[in-house]
Amino acid sequence: MIIMGNKNNEDIAKPFVKWVGGKSQLIKIFDSKFPREIREIKKYFEPFIGGGALFFYLMSNYDNIAKAYISDTNEDLILTYRVIKESHEDLILKLDGLIDEWPDTHNSRRPIYERIREEFNKTKSIIDYNRNKNFDEVDILQAARLIFLNKTCFNGIYRVNSKGEFNVPMGRYKNPSFYDENNLKNVSACLQKTEIYNKSYDFFRNMIDEDSFVYLDPPYRPITETSFTSYTKSNFNDDDQKKLARFYRRISKNSKVMLSNSDPKNRDEHDFFFDELYRGFRIDKIPAKRFVNRDGSNRGPINEILVRNYGYEISKQAFVKNKLF
């Protein structure tokens, strides 16, 4: 489809953090998979927002979307979205303060990185993560730390231990690109008509209606033993994937829904896990490139799946509870 809005390139918002599973590389493919009614849809929901590549693309190019609802269970990521919405200029000042501490030489950077990571983890206990506005210096500095760590840690990974502490080591970047001031302004503009939540996806069950387009991008089902899954201290296992599929069926009855996940057949052609979960819906294979894996040999082209409840006549079987539930 690729029907762009009237905005100039300098007005287009893009992700402000690197995020595992980010969809920037797939935007053109996704645009071609949108519902035919995309220009008529008024509400957009993305309960696993992550870096938000698709969200920013839609909000920058489809002016008909009057309201967006985004969420993530990563409370520091959501804090950062909220701070950018309300106080992006103050956030830039805090980021500049952290960047001023960053040495030019790699060997001198490690103690600075580890100190900022320690401060980030200690501050978690005093943050009011329910706050939506009127952020104080502690909140804004914590958001700045998240962006700083994201741009200097190994591969931009957000990983936590069992205590919920960020524990990713420093990466090896010569000149990290910490932020783009114009992009943060555009991100803040997109967020002005967006409600931001630190909730699970099922929180939106009764808010989604026939005017809604929903994109679900959960933590992917691992396809290798080294696949990354620890975005929060609670991992997303096969039982969680089944619960999400049940939610998908429920909201598919009165809204347009698109879901991404890994393709198990990259590893085992006889793995029909998602074929069973989403039986009756349209499942397309989407070529992607894996960027984050401890094994460099596993960073080549792979397939992901895209599940849609539109695009052709959906089987009645799609709405029937099957034995996996």
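This is a predicted model: local features need pLDDT of at least 70, side-chain atom pairs count only at pLDDT 80 or more; totals for chains, interfaces and linings use all residues.
1. The side chains of D139 and R131 are joined by a polar contact of 3.1 Å. D139 itself is found in helix α5.

2. Is D139 buried or exposed? D139 counts as buried because its relative accessibility is 2%, and buried means under 20%. Leaving aside residues up to four places away in sequence, D139 touches L79, V83, I127, D128 and R131.

3. Helix α5 covers residues 137-152, 16 residues in total. From its first C-alpha to its last, α5 reaches 22 Å, close to the 22 Å expected at 1.5 Å a residue. The helix is mostly covered, with 13 of its 16 residues buried, and D139 is one of the buried residues of the model.

4. What caps the N-terminal end of α5? The cap is D136: one of its side-chain oxygens lies 3.1 Å from the backbone nitrogen of V138.

5. Turning to the strands, the model has an open sheet of seven strands with mixed pairing. Their order is β3-β2-β1-β4-β5-β7-β6. The edge strands, each pairing on one side only, are β3 (194-197) and β6 (282-289). On average, and with direction ignored, neighbouring strands of this sheet are turned by 15° against each other.

6. Within the sheet, strand β4 (residues 212-216) and strand β5 (residues 256-262) run parallel and are joined by four bridges. V214 stands opposite V257 in β5. As a general point, strands of a sheet pair through backbone hydrogen bonds, either parallel or antiparallel.

7. Which helix lies across β4, β5 and β7? That helix is α7 (residues 238-251), and α7 runs at about 160° to β5.

8. Some totals for the whole protein follow. The protein has eight helices and seven strands. Of its 325 residues, 53% count as buried. The protein exposes about 15800 Å², and carbon and sulfur atoms supply 45% of this area. Among contacts between residues at least 6 apart in sequence, 77% join residues at least 24 apart.

Methods. Residues are numbered from 1 along each chain as its sequence is written. Side-chain values use heavy atoms; hydrogens and water are left out. Helices (H or I, at least four residues) and strands (E, at least two) are DSSP runs, numbered from the N terminus. The expected span of a helix is 1.5 Å times one less than its number of residues. Buried means under 20% relative accessible area, exposed over 50%, partly exposed in between (1.4 Å probe, protein chains only). A polar contact is a pair of N or O atoms within 3.5 Å; within protein, one must be able to donate a hydrogen and the other to accept it, and residues adjacent in sequence count only if both atoms are side-chain atoms. Contact means heavy atoms within 4.5 Å. Accessible areas come from the Shrake-Rupley method with a 1.4 Å probe; for residues, only the protein chains shown count as cover. Two strands pair if DSSP finds at least two bridges between them. Axes are lines fitted to C-alpha atoms, for helices over the stretch in contact, and angles run from 0 to 180 degrees between N-to-C directions.
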